[in-house]
Amino acid sequence: MIVPAAGNVKTIAILISGSGLHKAILGKSLIHMHFIIQQLPCHANTYSALRFSILALSYKITVKAMTALFEEFEDALGIPPRRGVLLSEHSSFRIGGPADFFFTAETLEELTVAVRLAVRSGVRHFVMGGGTNILFDDAGFRGLVIKNAASGLFPSAAGSGVEAVSGTRLADLVEFSVSRGLRGLEHLAGIPGTVGGAVFGNAGAFGRSIGEKLESAALIDRRGRERLASRDEMGFAYRKSALRADRSVLLKAAFILNPDEEDKIREDISCLLEQRSARHPDWSVACAGCYFKNPVREDGTRLAAGKLLEEIGAGSLSRGGAAVSGTHCNFIVNRGGATASDVRGLAEELKRRVRERFGLNLEEEVIVLPADG
Ligand SMILES: Cc1cc2nc3c(=O)[nH]c(=O)nc-3n(C[C@H](O)[C@H](O)[C@H](O)COP(=O)(O)OP(=O)(O)OC[C@H]3O[C@@H](n4cnc5c(N)ncnc54)[C@H](O)[C@@H]3O)c2cc1C
């Protein structure tokens, strides 16, 4: 029995649905509707009745979309998304509550179909790769998370290039290229995650980034249409690509590389890896890489965020289970039991101190994903 009494609309949503998923997805829209209805000049009883009708309608629409999505996944792929998967298990930070729906795409076809179905259903969705650059929310994710585990590597027709399916591990792409005597991706050695995540954030190190060697990208856009984008259309800049703004998903990427002797390339890679291990925290540490982008000064020069943070004494700062790494001040690490709120709180403190001392605004490199969008 549902009682549309005055009070918290979220509670009503819980009563109506009796399921965590429905409660979560409904919560936000109900609050929004509650606000709109409160603006209407009508009698209390009319208000309650109207509110109840809209709640019921909204519930019906949401359940319909979710049920349809479930059935469509089963029909098209033979596997429905899983419910309530803990995102902490899919994050290098080891932080994050449950996702309402979670689907792992093992092939390019599954990825394409999953994205299309999500787009068509209107259910909020998010495509992740290795989860090495994301801070998930303590409350998880309201909607569908699609984990891209679709991998594959091929030599390109022209001979001096490679093509990678977007869920391929970056490490595998580097190894595949080197073993064919192809140079150009060495600086990516040691960076965890997938090709999709790397292209999204134009990942790189030692002043170089993945976008420099990308020739073309096969994408699926936010309307579910596939298209091929050239390097120029990808809008690469420092830790940035056009994928962030246009919300397209990378399906495949082709890289153009330069022939060289395999041994020479391997030597360079060991040298770069040595430098990385001297600067970065140990691989076993739970983190998401550099937390902040390197800021730009008014004269256009880029400063190392890690150095600025070192100068404000960030190395000794912590909040709850989150702490600044003693090895590299631009790494926030989960030293055990950290929550997203601990990390965000610590990051705000770091930003405040850098702003006060240097007049510079640090911007997150890590993707901070809210539970509700
Ligand atoms: C120990 C450590 C060291 C690191 N060192 C570096 C470094 O030196 N340089 C560097 O640049 N980064 C570094 N990182 C950060 C991270 O590894 C990279 O950014 C990596 O490229 C992210 O890939 P991912 O697959 O894990 O992406 P995820 O973390 O899963 O996702 C990151 C973003 O990419 C988007 N995304 C993922 N796949 C796709 C796709 N197919 N299409 C569209 N969007 C997609 C997601 O929606 C999300 O917004 C480091 C991280 C760790 C933990």
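β3 (125–128), α6 (195–200), β9 (204–205), β13 (249–256) and β15 (286–290) each supply at least two residues of the shell around the ligand. Helices here are DSSP runs of H or I with at least four residues, strands are runs of E with at least two, and both are numbered from the N terminus. This is a predicted model, where local features need pLDDT of at least 70 and side-chain atom pairs count only at pLDDT 80 or more, while totals for chains, interfaces and linings use all residues. Residues are numbered from 1 along each chain as its sequence is written.

**Around the ligand**
- The largest share of the shell, four residues, comes from α6.
- Of the 31 residues around the ligand, G129, G193, G196, G197 and G289 come nearest (a residue is near if its C-beta atom, placed from the backbone, lies within 6 Å).
- The ligand lies between domain 2 (153–265) and domain 3 (280–368), because both give residues to its shell.

**Helix α10**
- Residues 340–358 form α10, whose 19 residues reach 26 Å from first C-alpha to last, close to the 27 Å expected at 1.5 Å a residue (1.5 Å times one less than the number of residues).
- Buried in α10 are A340, D342, V343, L346, A347, L350 and V354 (20 or more other C-beta atoms within 10 Å of a residue's own, with C-beta atoms placed from the backbone; 12 or fewer means exposed, and in between partly exposed).
- After α10 comes G359, with a positive phi near 70°.

How values were computed. Domain bounds come from an automatic or database domain assignment.
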